Structure formats: C-alpha cells, structure tokens
Amino acid sequence: MATPVQVNGSTGVTGTGAFFVRGDACNVLAYQINNPSTGPGYIQLFDSKLSPTVGTTQATWSIYTPTATSTSEAFGISGLFFKEGLWVAATTGAQTGAPG
C-alpha cells in the first residue's frame, strides 16, 4: 500500500521554489489540495532528479486549484508515473497543457 505524502506538513506548498518529494521513480495515485487563498492557483508536479526552476522548467502535470476551495482526484491503480523523481511547486499560473 502506498504511503500518502503530506507536502510541507500542514502548511502546504508555498513560496517560489519547488519542494522535493522523492528522488527516484514513483507513482502519484491521488491528490487532495486545499486552496484557502483569495486567488486561484496551480500545483505543479515535475518529473526530475534535480530541482526545477519554477516559472522556467516545464511542469509534467499542472493541477488547477480554484479560489477558497478544495480539489481532489484519484488516478486508479497505476497512477501518474514519474520516472526520474518528484518535485512539487505552487504557482499562480499553469506551466503545461496537462489537464488538472
């Protein structure tokens, strides 16, 4: 059974940099995101061994988070596969055309 990852504890992903989750291959089976802010945002997922440059590096997956709401999705038994590793960042704009 997969272990849930709580990114950056209960405070969530904030700031301008990417948060390191895992340094090798992994699957994301589901997510649940809460956006308490007064503006919409995006959670960016990067498939990389090295820290991405947020705002420059193309995200592998972008998840839209509406203002003052929560969003979640399950990806089934296989999940989203990240070959190199997983980094997560919060942004105010999408960085890829991937659905979210």
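Reader: Why is Tyr 31 called buried?

Author: In this predicted model, Tyr 31 has a relative accessible area of 13%, and buried means under 20%, so Tyr 31 is buried.

Reader: What makes Phe 75 buried or exposed?

Author: Phe 75 has a relative accessibility of 19%, and since the cut-off for buried is under 20%, Phe 75 counts as buried.

Reader: Why is the pair of Tyr 31 and Phe 75 described as tilted?

Author: The structure holds four aromatic pairs. In the one formed by Tyr 31 and Phe 75, the ring centres are 5.9 Å apart and the planes stand at 45°; pairing asks for centres within 6.5 Å, while stacked needs planes under 30 degrees apart and edge-to-face over 60, so this pair is tilted. Tyr 31 lies in strand 3 (residues 30-35) and Phe 75 in the loop between strand 6 (69-74) and strand 7 (80-82), so the contact ties together parts that are 44 residues apart in sequence.

Reader: What makes the pair of Trp 61 and Phe 75 edge-to-face?

Author: For Trp 61 and Phe 75 the centre-to-centre distance is 5.9 Å and the angle between the planes is 90°, which is to be set against the limits of within 6.5 Å for pairing and over 60 degrees for edge-to-face. Trp 61 lies in strand 5 (residues 61-65), so its pairing with Phe 75 ties together parts that are 14 residues apart in sequence. Trp 61 is buried, as is Phe 75, and Tyr 31, Trp 61 and Phe 75 form one aromatic cluster.

Reader: How do you know that Arg 22 and Asp 24 form a salt bridge?

Author: The closest N and O atoms of Arg 22 and Asp 24 are 2.6 Å apart, and a salt bridge requires a side-chain nitrogen of Lys or Arg within 4 Å of a carboxyl oxygen of Asp or Glu, so the contact qualifies. The structure holds one salt bridge.

Reader: Why are Arg 22 and Asp 24 called partly exposed?

Author: Arg 22 has a relative accessible area of 39% and Asp 24 a relative accessibility of 37%; buried means under 20% and exposed over 50%, with partly exposed in between, so both residues are partly exposed.

Reader: What makes Leu 86 a buried residue, and which residues does Leu 86 touch?

Author: Leu 86, which is found in strand 8, has a relative accessibility of 6%, and the limit for buried is under 20%, so Leu 86 counts as buried. Not counting residues up to four places away in sequence, Leu 86 touches several residues, among them Phe 19, Cys 26, Val 28 and Leu 45. Leu 86 and Cys 26 are 60 residues apart in sequence, yet their C-alpha atoms are 7.5 Å apart in space. In the largest nonpolar core, which has 13 residues, Leu 45, Ile 63, Phe 82 and Leu 86 touch the most other members. The elements that give two or more residues to this core include strand 4 (41-47) and strand 8 (86-91).

Reader: Why is strand 8 called mostly covered, and which strands pair with strand 8?

Author: Five of the six residues in strand 8 are buried. Strand 1 (residues 19-22) runs antiparallel to strand 8 and is joined to it by three bridges, with Phe 20 standing opposite Trp 87. Strand 4 also pairs with strand 8 in the antiparallel sense, over six bridges, and there Gln 44 has Ala 89 as its bridge partner.

Reader: How do you know whether Pro 52 is buried or exposed?

Author: Pro 52, in the loop between strand 4 and strand 5, has a relative accessible area of 9%, and with buried set at under 20%, Pro 52 is therefore buried. Leaving aside neighbours within four places in sequence, Pro 52 is in contact with Ala 18, Phe 46, Thr 57 and Trp 87.

Reader: What makes Ala 68 exposed?

Author: Ala 68, found in the loop between strand 5 and strand 6, has 59% relative accessibility, and exposed means over 50%, so Ala 68 counts as exposed. Phi of Ala 68 is near 50°, a positive value in a residue other than glycine.

How values were computed:
Residues are numbered from 1 along each chain as its sequence is written. This is a predicted model: local features need pLDDT of at least 70, side-chain atom pairs count only at pLDDT 80 or more; totals for chains, interfaces and linings use all residues. Side-chain values use heavy atoms; hydrogens and water are left out. Buried means under 20% relative accessible area, exposed over 50%, partly exposed in between (1.4 Å probe, protein chains only). Rings of Phe, Tyr and Trp (its six-membered ring) pair if their centres lie within 6.5 Å; planes under 30 degrees apart count as stacked, over 60 as edge-to-face and the rest as tilted. Helices (H or I, at least four residues) and strands (E, at least two) are DSSP runs, numbered from the N terminus. A nonpolar core is a set of buried Ala, Val, Leu, Ile, Met, Phe, Trp, Tyr and Cys residues joined through side-chain atoms within 4.5 Å. Contact means heavy atoms within 4.5 Å. Two strands pair if DSSP finds at least two bridges between them.
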